[in-house]
Amino acid sequence: MPSSAPILEEPLVRLSHLDHLWFQVAGTLCNLTCHHCFISCSPKNDSFGFLSLTTVERYLQESISHGVKEYYFTGGEPFLNPEMVPILTTTLQYGPATVLTNGTVLKDEWLTTLAEAEANSVYSLEFRVSIDGYSPETNDPIRGAGTFQRALDGLQKLVQFGFLPIITATRTWPDSEDTQILQQFTATLEGIGYQRPRIKLLPTLQIGAEETRTHGYRDSERISTEMLTDYDVSQLVCEHSRIVTDRGVHVCPILIDAPASLLGQSLKESTQPFAVTHGACYTCYQYGAICTNPSSPSGSASPRQQAATAALRETGRSKKP
Amino acid sequence: MMSRIACLGGIYSNHLALEAALQDARKRGVDAIYCLGDLGGFGPHPDRVFPLLEEYQVQCVQGNYDDSIGHGLDDCQCGYTDPTDNYYAQISYDYTLANTSNHHRAILRDMPTQRHVSLGPFRLLLCHGSPRQVNEFLWESTTSSHFLQHLLDQYQVNLIATTHTGIKWQRQVADQSWFVNVGVLGRPENDGTTVVWYTLLEVDSSSNLKISFIPIDYDHQQLAQQMQAEGLPNEFIETIVTGWWSTCLEILPAKERLRGRY
């Protein structure tokens, strides 16, 4: 039936090139139950399951024709997946690999194998270890009792095996405290013998468990079509990434719980533009490049542009330089 | 038809290394010399590189630094994300902008962003960071071969040459397909030696392509003295005299970072 309602134009973001291919390799299964987890991972959340080595390999093969530059692995806790070590060693034959872990379940024999695989590969194997405070008092209320010490032990182990882990901390404090908190993180890490700690701060995403811990997105916290005019869209994860889960290929690692995020079964089927109408898209828009490693800044984010992005956290708008 | 060319990049105002490299290239009988951008930054007296480039008829492409200085932008557009990296980058940028003449800034503004060059039977694309983005960091350890093949296919060339990251590397990704980062003359490449590098590309009579990285041993002590006299940060001078990077480290991937001291 013809409708007289106006057609509202959606803010669409086109995939410019598939630079980063993610794998939800542990589904939503995790040994921890962090209160701020944007996909509510826990030991009991099996809404997404493990990916097998065979599945990962199928997508790695397909990724060649797409010219994928880097591979990222997340969960849940990736190292709960019994095939995680062979998945990473296989990936290092295709390209650089980054694994996001809570650092609490790492075993010596795995790290021995992975250190050897990295040494034999031209590519980097990056570990990103999540710790959300520089002390048990600041970390454990979010990540669970005893997790600070266990993550620190894991970090120490990684350093002993010759890795340079990147610590990622979710900013559960005001932006203005960043400098002071980074200093405290550095002191803690140097205290366990990590002499050149690499730290990346992440914004909270007001979905999943975090929605319960604090609050969800307000209706006004959405990207409009107008807001994308003159905005550097390469700052958005969906402009250069996709993620494989046990359901298929989704638009980005943050939105897998949203039904609209599932785009297809193959990479080829999943290159269509995406409507960035979700609350979490707004955080991605505000902060920019929130999922990538510091060595792979997306877009041409100059300090000026970063300042503009920071300013728009206040005003809700950013321009290209 | 050209059969031997020199590609250099990342001069970062190191006029002493530039002069040594240009003399070396001329001695090797090159047909042409190309600079892949970033003439200024880090070192002293940015105006001193321009007469050398003119004397040796060096054909330049524009780097992010050249675009910024040429247009008087607020920062170097180096692409760093870490606040400490950006702090040091800003010191060298402000110094370079204040000490580059208007005449030379006009030259920087007018440089092309890419050059297509033929070497023997091969088509080469010379650019700064990557063909798709001037300040893209293509590190050896974080760039898959199929990504490089994608770029080579997209731009329909046999070889892509870049600089920008500050560390040389090369990879043959297929028969008659290569990627090369030509290194930089501006500062050592974080390996504990004081030499800097440029790249020689040659084609022999059987159409074999040869990529050679050429070390340049120059008077780095004199450069350090000039940097000191100009009031540039001790951290920069330390890099020149020790060969270890002490700033702008957070941009390095794990493998490249592990090779350095800091």
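Two strands are said to pair if DSSP finds at least two bridges between them. The legends below apply this term to a predicted model.

**Figure 1. Overall view of chain A, which contains nine helices and eleven strands.** The radius of gyration of chain A is 19 Å, close to the 20 Å that the globule rule gives for 321 residues, so chain A is as compact as a globular protein of that length. Its C-alpha trace extends over about 65 × 45 × 40 Å along the principal axes. Of the 321 residues in chain A, 48% are buried. Among contacts in chain A with a separation of 6 or more, 73% are made by residues 24 or more positions apart.

**Figure 2. The open sheet of nine strands in chain A.** The strands follow the order 7-6-5-4-3-2-8-9-10, and their pairing is mixed. Strand 7 (198-202) and strand 10 (262-264) of chain A form the edges; each has a single partner strand, so one side of each lacks a neighbour in the sheet. On average, and with direction ignored, neighbouring strands of this sheet are turned by 30° against each other.

**Figure 3. The pairing of strand 8 of chain A with strand 2 and with strand 9.** Strand 2 (residues 20-24) of chain A pairs with strand 8 of chain A in the parallel sense, over four bridges. Within this part of the view, A:Phe23 is placed opposite A:Val244 of strand 8. Strand 9 (residues 248-250) of chain A runs antiparallel to strand 8 of chain A and is joined to that strand by three bridges. The bridge partner of A:Ile243 in strand 9 is A:His250. A hairpin connects strand 8 of chain A to strand 9 of chain A through two residues.

**Figure 4. Strand 5 (residues 125-130) and strand 6 (residues 166-170) of chain A, a parallel pair.** Three bridges join these two strands of chain A.

**Figure 5. The packing of helix 4 (residues 136-143) against helix 5 (residues 147-160) in chain A.** Two packed helices are described by the angle between their axes and the distance between the axes. Helix 4 and helix 5 of chain A pack at an angle of about 105°, and their axes are 8 Å apart. This angle makes helix 4 of chain A roughly perpendicular to helix 5 of chain A, because angles of 65 to 115 degrees count as roughly perpendicular. From helix 4 of chain A, A:Pro136, A:Asn139, A:Asp140 and A:Arg143 meet A:Thr147, A:Phe148 and A:Gln149 of helix 5 of chain A. By class, the contact between helix 4 and helix 5 of chain A comprises two nonpolar, three polar and two charged residues.

**Figure 6. The contact between chain A and chain B.** Here 26 residues of chain A are in contact with 29 residues of chain B. Strand 5 and helix 9 (303-315) of chain A are the elements that give two or more residues to the side of chain A that touches chain B. By class, that side of chain A has 13 nonpolar, seven polar and six charged residues.

Conventions: Residues numbered from 1 in each chain as written. Chains lettered and ligands numbered in written order. Predicted model: local features only at pLDDT ≥ 70, side-chain atom pairs only at ≥ 80, totals over all residues. Axes fitted to C-alpha atoms, helices over the stretch in contact; angles between N-to-C directions. Contact = placed C-beta atoms within 7 Å. Nonpolar A, V, L, I, M, F, W, Y, C, P; charged D, E, K, R; others polar. Parallel < 35°, antiparallel > 145°, perpendicular 65-115°, else oblique. Rg over C-alpha atoms; globule rule 2.2 N^0.38 Å. Buried ≥ 20, exposed ≤ 12 C-beta atoms within 10 Å, placed from the backbone.
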